Amino acid sequence: MNYTNLLLEKNGAVAVLTINRPKALNALNSDTLKELSAVLDELGSDSGVKAVIITGSGEKAFIAGADISQMKEFNAIEGRRFALLGHATFRKLELMPQPVIAAINGFALGGGCELAMACDIRMAGENAKFGQPEVTLGLTAGFGGTQRLPRLVGTGIASELLFTGDVIDAKEAHRIGLVNKVYPLDTLMEEALKLAKRISGRAPAAVQLSKSAIQRGMNMDIDSAQAYEAEVFGLTFSTQDQTEGCGAFLEKRKPVFEGK
């Protein structure tokens, strides 16, 4: 498919998805969210894609937020509809089988921070800025920020950021656990690709089942989550890749995974 606000490239088994609205600092409007939802469906069903990287066009912004020029005319019903569109789209990031890496190359504010938090791994350039500044506009976070941020950094820090709308830099985001690693901007995509390719070299079913166990287990009590993990663990023994991986370990050689 051809997309107006997105760019999609494939680098071997890695798909690189770029939010491409540089004049709007890659802000998310309804059309962009609908395109993103469609491309996530496309990628999720593509067995040749083993990992996905999401980034923003240009060097200023990953995603500067939701598109205020669209939101300023919303009534209550339209605002709720916009929030539900964002929720449904970002949830696809969490539930799609492949791991998703956010390569955060600038401002990740509001909806941009919320999209990054829906990814499995967050890597930031040194220039990145993070925040949920909605309260400075008379709004609340609407794309999952009040739910994902506390789960990632704890309720105290999340409450401070959500109540003040303060913006933090990449170093602070790393300190509080919002991002995994911080890199110079000119090496960010190189490092993201390295990680994505390393993940792509592992047994695909095992990686995808690991993601499922994390995503589902985080919303279960510990006993239910461990029971689900046991089911997932058992499923791996039905794959050829498990036989290959264990055999290669015992034979002291590198495994050759075929995704079966």
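**Group meeting: cores, salt bridges, pockets and a cavity**

Let me start with the inside. The largest nonpolar core has 47 residues, and Ile54, Phe62, Leu93, Ile104, Leu115, Phe130 and Leu178 are the ones that touch the most other members. By nonpolar core I mean a set of buried Ala, Val, Leu, Ile, Met, Phe, Trp, Tyr and Cys residues joined through side-chain atoms within 4.5 Å. Buried means under 20% relative accessible area, exposed means over 50%, and partly exposed is in between, with a 1.4 Å probe and protein chains only. A second, separate core has 16 residues, including Ala51, Ile101, Leu193 and Ile199.

Before going on, a note on the model. It is predicted, so local features need pLDDT of at least 70 and side-chain atom pairs count only at pLDDT 80 or more, while totals for chains, interfaces and linings use all residues. Residues are numbered from 1 along each chain as its sequence is written, and side-chain values use heavy atoms, with hydrogens and water left out.

What does Ile104 touch, not counting residues up to four places away in sequence? The list is Phe62, Ala116, Arg122, Met123, Ala124, Gly125, Ala128, Phe130, Val179 and Leu188. Contact here means heavy atoms within 4.5 Å.

Two single residues next. Asn5 lies in the segment before strand 1 (6–11). Helices (H or I, at least four residues) and strands (E, at least two) are DSSP runs, numbered from the N terminus. Asn5 counts as buried because its relative accessible area is 11%. Leaving aside neighbours within four places in sequence, Asn5 is in contact with Thr18, Ile19, Asn20, Arg21, Asn29, Asp31, Thr32 and Glu35.

Val182 is in strand 10, residues 181–183. Its relative accessibility is 30%, so Val182 counts as partly exposed. With neighbours within four places again left aside, Val182 contacts Ala124, Gly125, Glu126, Ala170 and His174. Val182 and Leu250 are 68 residues apart in sequence, and their C-alpha atoms are 37 Å apart in space.

Now the charged pairs. How many salt bridges does the structure hold? There are 13. A salt bridge is a side-chain nitrogen of Lys or Arg within 4 Å of a carboxyl oxygen of Asp or Glu.

One of them joins Asp67 and Arg21, with the closest N and O atoms 3.1 Å apart. This pair links distant parts of the chain: Asp67 is in the loop between strand 4 (61–63) and helix 2 (68–71), and Arg21 is in the loop between strand 2 (14–19) and helix 1 (30–44), 46 residues apart. Asp67 is buried, at 8% relative accessible area, and Arg21 counts as buried at 17%.

Then there is Arg91, which forms a salt bridge with Glu94 at 2.7 Å, N to O. Both are in helix 3 (residues 76–95) and 3 residues apart, so about one helical turn separates them. Arg91 is partly exposed at 31%, whereas Glu94 is buried at 10%. Glu94 also forms a salt bridge with Arg148, at 2.8 Å, N to O. Arg148 is in helix 5 (residues 145–153) and Glu94 in helix 3, so this pair ties together parts 54 residues apart in sequence. Through shared partners, Arg91, Glu94 and Arg148 form one network.

On a 1 Å grid over the protein atoms alone, a cavity is a set of points where a 1.4 Å probe fits but cannot get out; a pocket is an open set with protein on both sides within 12 Å along at least five of seven lines; and lining residues have an atom within 4 Å of a point. Grid points are joined across faces, edges and corners, and a volume is the space filled by probe spheres set on the points.

The largest pocket holds about 540 Å³. Its lining has 21 residues, with Glu94, Met117, Ile214, Gln215 and Met218 nearest the centre. Helix 9 gives the most to this lining, 5 residues.

The second largest pocket has a volume of about 440 Å³. Of its 23 lining residues, Ala66, Met71, Glu134, Leu139 and Thr140 are the closest to the centre. Helix 3 gives the most here, with 3 residues.

The search of the whole structure finds 1 cavity of 30 Å³ or more. The largest cavity holds about 40 Å³, and Lys50, Ile199, Ser200, Arg202, Pro204, Val207 and Gln208 line it.
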